[in-house]
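Subject: Structure for your review

Hello,

Here is the structure for you to look over. My notes on it follow below.

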Amino acid sequence: RVFTFNGDAHSSTVIDPTAGALITNIPLGGKPEYGASAGDGKVYANLTDTNEVVEIDAKSATVSRRWATAPCKQPVAMAIDTAHHRLFSGCRSGVLAVSDYQAGKVVATAPIGAGVDGAGFDAASGDAFAANADGTLTVVHQDSADHYTVVQTLTTAPGSRNMGLDPSNHRIFVAAAKFGPAPANGRGRGPLVPGSFSLLVIERSPAK
């Protein structure tokens, strides 16, 4: 099954990809952002306007649980650690909230940069990542399932808040571009400079 998260409709659309057919639309009770599958029949999504994580039962296509992400506000980005049953919610309030998704509660938080929109977790290194619009990548190490430490704040590029993680080689890919002057009314960002798009490739330094 394929699950889409529909921010304006406050729902998740469930699709049968083999038949190419709609199964149902699930009301979520809030605006979903990023989601993750636990691989055990459960799918999770951040609800950014209600400051919650919602759990979806993939077989019945219904909401089975929800819990608050406090003190995190506006959870957007999401990553998952299935070995320890942990969800990482990157929040616009400058916090990474770590949830025990079996217990359905936040168990730890860590500070991150401003304007997060992408997250990842590398099981091999035990590092969680938050890509932030302020031009930083926050690296948070998993000391144990319930304890986390910020180990690095890497400078990327302003506006570089979307990322992908390749678990086979542990490389992180961050989208970047240059923008023109901000609008005169001060709202929003300036136009994209043509030809300025780039992809930042981030990898660990070789061990000495």
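Is R65 buried, partly exposed or exposed? R65 is partly exposed, with a relative accessible area of 27%. On this scale, buried means under 20% relative accessible area, exposed means over 50%, and partly exposed lies in between, using a 1.4 Å probe and protein chains only.

Two remarks on the source. This is a predicted model, in which local features need pLDDT of at least 70 and side-chain atom pairs count only at pLDDT 80 or more, while totals for chains, interfaces and linings use all residues. Residues are numbered from 1 along each chain as its sequence is written, and side-chain values use heavy atoms, with hydrogens and water left out.

Salt bridges

The structure holds nine salt bridges, a salt bridge being a side-chain nitrogen of Lys or Arg within 4 Å of a carboxyl oxygen of Asp or Glu. One of them joins R65 to E55, with the closest N and O atoms 2.8 Å apart. E55 lies in strand β6 (residues 52-57) and R65 in strand β7 (residues 62-68), so the pair ties together parts that are ten residues apart in sequence. Strands here are DSSP runs (E, at least two residues), numbered from the N terminus.

A second salt bridge connects D127 and R204, where the closest N and O atoms are 2.0 Å apart. D127 sits in strand β13 (residues 127-132) and R204 in the segment after β18 (198-202), so this pair ties together parts that are 77 residues apart in sequence. D127 counts as buried at 4% relative accessibility, whereas R204 is exposed at 54%.

The side chains of R86 and D100 also meet in a salt bridge (3.4 Å, N to O). R86 belongs to strand β9 (residues 86-91) and D100 to strand β10 (residues 95-100), and the two are 14 residues apart. Both R86 and D100 are buried. Salt bridges that share partners join R86, D100 and D146 into one network.

The β1-β2-β3 sheet

Three strands form an open antiparallel sheet in the order β1-β2-β3; two strands pair if DSSP finds at least two bridges between them. β1 (2-6) and β3 (21-27) are the edge strands, each pairing on one side only. Strand β2 (residues 11-16) pairs with β3 over six bridges. In β3, I26 is the bridge partner of S12.

Regards

Key:
Helices (H or I, at least four residues) and strands (E, at least two) are DSSP runs, numbered from the N terminus.
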